[in-house]
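This report describes pockets and aromatic contacts in one protein model. The sequence and structure are shown first.

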Amino acid sequence: MINLYKQRQSQNRVLILTSLTVLASSLVLPFQQAFAGTLTTVVNFNGTNGATPTAGVLANTKDQLLYGTTSAGGTSGNGTAFKLSPTTTFTTLTTLVNFTGASGINKGTNPVARLFQAADGNLYGATSTGGTSNLGTLFKLAETTYTTLTTLVNFTGASGINPGANPAGRLIADNANANILWGTSSTGGANNKGTVFKVPTTGGTLTTVVSFNGTNGATPLARLLSATDKNYYGTASAGGTSGQGVVFKLTPAGVLTSYSFSGANGANPQAALIESSGFLYGTTKVGGANNKGAIFKVPIGGGTPVLVGSFNGTNGANPTAALIKASNGNFYGTASAGGANNKGVIYQLTGATITDLISFNGTNGATPQSTLIQLSSGALYGTASFGGSSNLGTVFKFVP
């Protein structure tokens, strides 16, 4: 009897421990998922309503709705501009403009840059091709409906009235004059390696501030940053001393100083910089410790890029989007590849550690290439270029 009692007691102890282990596992998993955050698909693109968004969305300061572009799809297959409503869910998509290519009422093809809302309330953007020379355009969407498009600039290549071609970065406002916009073109200009330009919000003839020459950089693909020292900073994806891209500082007067990537500290930067605590932070598509991309920083005022963290595939790979610093003090971003399914990730940067929070799986999106934005609710919004129900991209919401 005693042996039987002890045997049963031992069996009960095993059952209790097993039950506690199972219970603990069921508690730990939701905790880990809650820590990683929650991803929700807001919109699935299907071709008719747009396809393949490469730019992120903009939160309109006037009506609080989200606005964006798709690089393809729409009635002509040349891309669209759209808005998302209502402010509670952003699940209703309204097409504002269907781009019409080299001619037509809405000239431009392949809008790849995030829209910019200027002080006048209008939205401004760029198409990388299309326009009268098929080299890209700058355009305005007039408030309050944003359905009337005005072509401000048709790029003309290496020379002509508007030198430059294939703009890819968002426009920004001038440091001193809100009626002047600054931007970059990835090719064209005097050396056919890209330019920095400025143009009035009314359009007309643009002013070339810098023509890249290879040594000082080439092929800029991202917007400029107007930093607290009143200088402009940016990245060029190629050129420099190693041919692996540069970070550059540009004074309002047009004096450019470049700082080169070596590969070890990153290579091929395609995203804009952000400012935080006396430094400028950015990402590179490749390079770093594993040649899968890197996060770097440079001091305000300029300097050689310093490696902060490296992507390794598991935590993401090949980022083409800028970081954001959220209201909780953490840095977040997207990488276009890597993660559990090699379809891209949303990651968090803490110190020098890059953590994959969400791995895209195709159903919830794939290949995120855009910079996230944060709304007052704390939620982050972005786009994935592929995946979703039609594999033509999504707009998503991420709650850390």
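## Second largest pocket

The second largest pocket holds about 200 Å³ of space. A pocket here is an open set of points on a 1 Å grid over the protein atoms alone, where a 1.4 Å probe fits, with protein on both sides within 12 Å along at least five of seven lines; lining residues have an atom within 4 Å of a point. A volume is the space filled by probe spheres set on the points, which are joined across faces, edges and corners.

Its lining comprises 13 residues, and Gln-64, Phe-90, Leu-375, Ser-376 and Ser-377 lie nearest the centre. By class, five are nonpolar, seven polar and one charged. Ala, Val, Leu, Ile, Met, Phe, Trp, Tyr, Cys and Pro count as nonpolar, Asp, Glu, Lys and Arg as charged, and the others, Gly among them, as polar.

## Basis of the model

The model is predicted: local features need pLDDT of at least 70 and side-chain atom pairs pLDDT 80 or more, while totals for chains, interfaces and linings use all residues. Residues are numbered from 1 along each chain as its sequence is written, and side-chain values use heavy atoms, without hydrogens and water.

## Largest pocket

About 600 Å³ of space lies in the largest pocket. Among its 29 lining residues, Val-112, Ala-168, Leu-221, Thr-320 and Gln-369 lie nearest the centre. The lining has 15 nonpolar, 11 polar and three charged residues.

## A charge over a ring

The charged end of Lys-297 sits over the ring of Phe-279, 4.3 Å from the ring centre; the rule requires NZ of Lys or CZ of Arg within 6 Å of the centre and within 35 degrees of the ring normal.
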